[in-house]
Amino acid sequence: MARILFMGTPEYARVILDGLLSRSDLTIRVVTKQDTPQGRHMRLTPSPVAQRATEVGLVVDKPDQLVAYKEAWLKWAPDLIITAAYGKILRPWVLTLPQQGAFNLHASLLPRWRGPNPIAWAIRAGDTITGVTLMRMDQGVDTGDIVAQRSLDITNEMTMGQLTDLLALLARDLLLEHLDGLLSGRAKQTPQDDSQATYAGKFAPEDSRINWHQPAIAIDRLIRSMSPEPGAYTMCQGIRVKILESAYDKGTQPIATAELVGNNWHIGTADGVVIIKRIKPAGRKDMTPGDFQRGLHVVGKVVCQ
């Protein structure tokens, strides 16, 4: 039985872990982030990977410091490390731990969008194609040699959440296709072209506030790149309103002024309107702008800041 140390945390990684679980010839040990407070009552909640691993009886490690598990992992002697959105940089001693190396499933077509936020940046930049990369890990940030890639079209309606779900399935299938090659050490690898590299850093908190003076297409991309979390937002009637679903069109609405058309808002921008379809006001469930405005008994246009 080959031994795989799987390192991952969010739903994207849970889907890939499920792919590994479809193989009966593997012994899997899971490493994931520690439980985090979530929900209205801030209860400590395991990551999606931890929840799935516990369901099927896998050993689950939740290190604060990886070095605390060094002796345990050396004794366990994995053949491979597979990482997927684990969220931590691995030290050289971790990379050299498995006999056949450490490999990552990165959610972009490397070398484009190295870094921790590749899916959001692909949408925000207006990319029409993205994908996943299976790559050997080295000491750089997503700079290792490429084993294989698969691509996927980005449509004008896709949110980050929707695109993440599709890329997770793509990454799962890519790993299963090449897993035997990784375990045998026969998988071919190609160096990245560093001259084509771009970096996908984390967004700053102030990036999520919408500036209605920007072009409509830029605002729509910003909203989709942050939906459902952390969510781009605006202030309407003194309430912070997170925008979940949008589109854009031509129009002559005054900048930052929202007019109800059916249940949607048409909000003026520098060169057209952004059509807002779903929102989540602070402290409330998600709803249409029409429901929000009727709930406040507001008639006519409103100004968003």
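A residue is called buried here when its relative accessible area is under 20%, and at 6% Arg224 therefore belongs to the buried group. Keep that cut-off in mind as you go through the close-ups below, which come from a predicted model.

**Figure 1. Arg224 sits buried within helix 7.** Arg224 lies in helix 7, and its relative accessible area is 6%. Setting aside neighbours within four places in sequence, we find Arg224 in contact with a run of residues made up of Thr155, Asn156, Glu157, Met158, Thr159 and Met160, and also with Ile123 and Ser246. The helix itself, residues 216-225, is mostly covered, with seven of its 10 residues buried. Besides Arg224, the buried residues of helix 7 include Ala216, Ile219, Asp220, Leu222, Ile223 and Ser225. Helix 5 (118-124), helix 6, strand 10 (232-236), strand 11 (239-249) and strand 14 (273-281) are what these buried residues pack against.

Figure 2

Figure 3. Strand 1 (residues 2-8) and strand 2 (residues 26-31) are joined by six bridges. To find your bearings in this pairing, look for Arg3, which stands opposite Thr27 of strand 2.

Figure 4. Two residue pairs make handy landmarks. His106 stands opposite Thr133 in strand 8, while Val132 has Arg150 in strand 9 as its bridge partner. Six of the eight residues of strand 8 are buried, so the strand is largely enclosed by the rest of the structure.

**Figure 5. Helix 1 packs against helix 2.** The axes of helix 1 (residues 11-21) and helix 2 are 8 Å apart and meet at an angle of about 25°. That angle makes the two helices roughly parallel, because values under 35 degrees are counted that way. From helix 1, the contact is made by Glu11, Ala13, Arg14, Leu17, Asp18 and Leu21. Helix 2 contributes Pro48, Val49, Arg52 and Ala53.

**Figure 6. Tyr69 and Trp73 form a stacked aromatic pair.** The model holds five aromatic pairs. In this one, the ring centres of Tyr69 and Trp73 are 5.5 Å apart and the planes are at 25°, so the pair is stacked. Tyr69 is partly exposed, with a relative accessible area of 24%, whereas Trp73 is buried at 0%. Together with Trp93, Tyr69 and Trp73 form one aromatic cluster.

Figure 7. The rings of Trp113 and Trp121 are stacked, at 5.8 Å centre to centre with 25° between the planes. Trp113 counts as buried, at 8% relative accessibility, and Trp121 as partly exposed, at 24%. Arg124 lies over the face of Trp121, at 5.2 Å from the ring centre. Arg124 also lies over the face of Phe203, where the distance to the ring centre is 4.8 Å.

**Figure 8. Cys304 is a buried residue in the segment after strand 15.** Strand 15 covers residues 302-303, and Cys304 has its place in the segment after this strand. With 2% relative accessibility, Cys304 counts as buried. Neighbours within four places in sequence aside, Cys304 is in contact with Trp212, Thr234, Met235, Cys236, Ala256, Ala258 and Ile267. Pro63 is 241 residues from Cys304 along the chain, and the C-alpha atoms of these two residues are separated by 44 Å.

Definitions and conventions
Residues are numbered from 1 along each chain as its sequence is written. This is a predicted model: local features need pLDDT of at least 70, side-chain atom pairs count only at pLDDT 80 or more; totals for chains, interfaces and linings use all residues. Side-chain values use heavy atoms; hydrogens and water are left out. Two strands pair if DSSP finds at least two bridges between them. Helices (H or I, at least four residues) and strands (E, at least two) are DSSP runs, numbered from the N terminus. Rings of Phe, Tyr and Trp (its six-membered ring) pair if their centres lie within 6.5 Å; planes under 30 degrees apart count as stacked, over 60 as edge-to-face and the rest as tilted. Buried means under 20% relative accessible area, exposed over 50%, partly exposed in between (1.4 Å probe, protein chains only). A charge sits over a ring if NZ of Lys or CZ of Arg is within 6 Å of the ring centre and within 35 degrees of the ring normal. Axes are lines fitted to C-alpha atoms, for helices over the stretch in contact, and angles run from 0 to 180 degrees between N-to-C directions. Angles under 35 degrees count as roughly parallel, over 145 as roughly antiparallel, 65 to 115 as roughly perpendicular and the rest as oblique. Contact means heavy atoms within 4.5 Å.
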